[in-house]
Amino acid sequence: MGNPLLDISAVVDKDFLDKFGLKPNDQILAEDKHKALFEEIVKRNKVEYHAGGSTQNSVKIAQWMLQKPHKVATFFGCIGKDDFGKILKKKAEEAHVDAHYYEQTEEPTGTCAACITGDNRSLVANLAAANCYKKEKHLDLDSNWELVEKAKVYYIAGFFLTVSPESILKVAKHASENNKIFCMNLSAPFISQFFKEPLMKVMAYVDILFGNETEAATFAKELGFETDDIAVIAHKTQNLPKENAKRQRLVVFTQGKDDTVATVGDKVTMFPVLDIDQNDIVDTNGAGDAFVGGFLFALVQEQSLEECIRAGHYAANVIIRRVGCTFPEKPDFH
């Protein structure tokens, strides 16, 4: 469950970033001052549209890695009844993801401007319709809740905490009470900073937590861990209070080209990423989502943690060689 967004990506220069007060590698929610950004980026001669939104990217990748059967992943989120919404529906269909969107007419389909400079990407999300997801109008409907009950693994990016924390809690509690796996992502530094309360309410139900090194550092700071050692942060995060004692929490932090850090039992282990020539990196947009997608692909097949991380590294390695969160027709993961 997450924010379905249509990614509008374009290569920009430093002046463009400065004009809208953007950092080269960051993700933020659009404010009024960014309205013109969306108009300007679309006017650029080379703009690419991709079905996006963090959670949706991850389930698309997981489905791509699986290939068949189709529609292994079900996705919930809110879109508008408009052209961008139609594109998103079409893209989900092409990716063989079973998308059940809540469609409304008050707000247009959400968009995310991916402003690419070199191998950095600055994301500005205009949630619009994605912000209009309503638990009682979608998640609580019997036909939709049945789909939730059928699932074995749940993944919701932290971004959805800004939209419908009550929906996340309903799913998280269901997972915990039925000893199923609930996964979440720290998603962006601003989530820990400004949505700490809903984040910590859900944290008690999180079986697998993902994040990158920047998000982990911000999370540690907000929780007063008083360390910037990523292994220590992972260990302390693992030991936060947890409802379902049958599953030990697993914490996985990626660090770009540096080793991925994961808790294995009571220890913290480093997993080296795949080597890549810097010249082969086209765009890191979607790398973190792809890692999670690869991880979920192995997880639903009940593979070992090592295999899950290896699959995550493979998927991220494929994505950073391409524009946006896109992939070749078939994976060559063995």
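**Salt bridges, cysteines and a hairpin**

Biologist: How far apart are Glu94 and Lys90 in helix H4?

Modeller: Glu94 and Lys90 sit 4 residues apart in helix H4 (residues 83-94), so about one helical turn separates them. Helices here are DSSP runs of H or I with at least four residues, strands are runs of E with at least two, and both are numbered from the N terminus. Keep in mind that this is a predicted model: local features need pLDDT of at least 70 and side-chain atom pairs count only at pLDDT 80 or more, while totals for chains, interfaces and linings use all residues. Residues are numbered from 1 along each chain as its sequence is written, and side-chain values use heavy atoms, with hydrogens and water left out.

Biologist: What do Glu94 and Lys90 form?

Modeller: A salt bridge, with the closest N and O atoms 3.0 Å apart. That term means a side-chain nitrogen of Lys or Arg within 4 Å of a carboxyl oxygen of Asp or Glu.

Biologist: Is Lys90 buried or exposed?

Modeller: Lys90 is exposed at 53% relative accessibility, whereas Glu94 is partly exposed at 46%. Buried means under 20% relative accessible area, exposed means over 50%, and partly exposed is in between (1.4 Å probe, protein chains only).

Biologist: How many salt bridges does the structure hold?

Modeller: There are 12. One of them joins the side chains of Lys170 and Asp140, at 2.8 Å from N to O. Lys170 is in helix H7 (residues 165-177) and Asp140 is in the loop between helix H5 (135-139) and helix H6 (142-150), so this pair ties together parts 30 residues apart in sequence. Lys135 comes in too, linked with Asp140 and Lys170 in a network of salt bridges.

Biologist: New topic. How many disulfides are there?

Modeller: The structure holds 0. A disulfide here is a pair of cysteine sulfur atoms within 2.5 Å.
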